[in-house]
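This report looks at a pocket and at some ring contacts in one protein model. Please look over the sequence and the structure first.

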Amino acid sequence: ARPGVEAYRYWDERPQPVVADDPDLPTIAYVLKGQEAVFAVVSYAEEDRQANLTLDLAAMGMEEGCIVTDTETGEELQLEGHRLSFPLKKHDVRVCRVVPR
């Protein structure tokens, strides 16, 4: 409901700011460019998987770097360049917050 927030859903036929390598782990992202982004990764897999994600920091307006945290645990996740990786249990969801560094 915040003005300027753009929603990116995995079924949208346009470039996405957060993309998983695995088609069984779709993403959805809400971006307030240059200020904040929140994204979720959902597992439709029948077993635990490693979620390997690519973040388009330019699309999020955070080219100078960012901090990614798990919204449930508060854990800071390590971004390697534009890549993020973490385990995801089958049928689970993980929600992350991205803010500029």
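## The largest pocket

The largest pocket holds about 210 Å³ of space. On a 1 Å grid over the protein atoms alone, a pocket is an open set of points where a 1.4 Å probe fits, with protein on both sides within 12 Å along at least five of seven lines; lining residues have an atom within 4 Å of a point. Grid points are joined across faces, edges and corners, and the volume is the space filled by probe spheres set on the points.

This is a predicted model: local features need pLDDT of at least 70 and side-chain atom pairs pLDDT 80 or more, while totals for chains, interfaces and linings use all residues. Residues are numbered from 1 along each chain as its sequence is written, and side-chain values use heavy atoms, without hydrogens and water.

## The lining

Among the lining residues are Asp 70, Glu 72, Pro 87, Lys 89 and Arg 94. The lining divides into six charged, four nonpolar and two polar residues. Strands β8 (83-88) and β9 (93-100) each supply at least two lining residues, and β9 gives the most, with three. Strands are DSSP runs (E, at least two residues), numbered from the N terminus.

## Ring contacts

Arg 94 lies over the face of Phe 86, 4.4 Å from the ring centre (the cut-offs are CZ of Arg within 6 Å of the ring centre and within 35 degrees of the ring normal).

How many aromatic pairs are there? The count is one aromatic pair. Tyr 10 and Trp 11 form this pair, edge-to-face at 5.0 Å centre to centre, with 85 degrees between the planes (centres must lie within 6.5 Å, and edge-to-face means planes over 60 degrees apart).

Technical notes
Rings of Phe, Tyr and Trp (its six-membered ring) pair if their centres lie within 6.5 Å; planes under 30 degrees apart count as stacked, over 60 as edge-to-face and the rest as tilted. Helices (H or I, at least four residues) and strands (E, at least two) are DSSP runs, numbered from the N terminus. Ala, Val, Leu, Ile, Met, Phe, Trp, Tyr, Cys and Pro count as nonpolar, Asp, Glu, Lys and Arg as charged, and the others, Gly among them, as polar.
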